[in-house]
Amino acid sequence: MKLIDTIEMMSSPVYQERFRAEYMQLDIRIKALSNVIEKYNNGTLHFTPDCNIEMLIEQLVHMRNYRSILKQRAIIENVNLEDFKVEKYAGRPIIEVPSD
């Protein structure tokens with residue numbers, strides 16, 4: 001799935017669809033940033049980031065925390081996040097985010 005695939009959902013008048021699109025977009029971005037960090041660590045990244053790797057890792061931590069909050073809200077607000085497929089990051093976790 002790509003970000004462009006969520007445009008219709010983001011434009012939906014149905015709140016739950018927009019919520020799902022937000023979650024999906026965040027998941028896509030987390031996967032992309034995780035891949036950048038992994039490639040940086042492996043020395044295979046095809047560009048040099050302008051910021052340091054620690055800042056990218058911190059960004060990833062916050063993105064994962066944000067996703068966790070969205071999951072909690074989805075339960076409270078009865079938004080089903082289980083009936084769609086988003087490709088999961090295939091590599092090992094770059095960092096561990098403390099769970100609540």
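A residue counts as buried when its relative accessible area is under 20%, as exposed when that area is over 50%, and as partly exposed in between (1.4 Å probe, protein chains only). On that scale, 32% of the 100 residues in the protein chain come out as buried. The model is a predicted one, so to speak of local features takes a pLDDT of at least 70 and side-chain atom pairs count only at pLDDT 80 or more, while totals for chains, interfaces and linings use all residues. Residues are numbered from 1 along each chain as its sequence is written, and side-chain values use heavy atoms, with hydrogens and water left out.

As for the fold, the protein chain has three helices and zero strands, with the order α-α-α from the N terminus on. Helices (H or I, at least four residues) and strands (E, at least two) are DSSP runs, numbered from the N terminus. Taking contacts as heavy atoms within 4.5 Å, 69% of those with a separation of 6 or more link residues 24 or more positions apart.

One aromatic pair turns up in the structure. The ring centres of Y15 and F19 sit 6.0 Å apart with the planes at 70°, so this pair is edge-to-face. Both residues belong to helix 2 (residues 15-42), four residues apart, or about one turn of the helix. Y15 is partly exposed, at 32% relative accessible area, whereas F19 is buried, at 2%.

Notes: Rings of Phe, Tyr and Trp (its six-membered ring) pair if their centres lie within 6.5 Å; planes under 30 degrees apart count as stacked, over 60 as edge-to-face and the rest as tilted.
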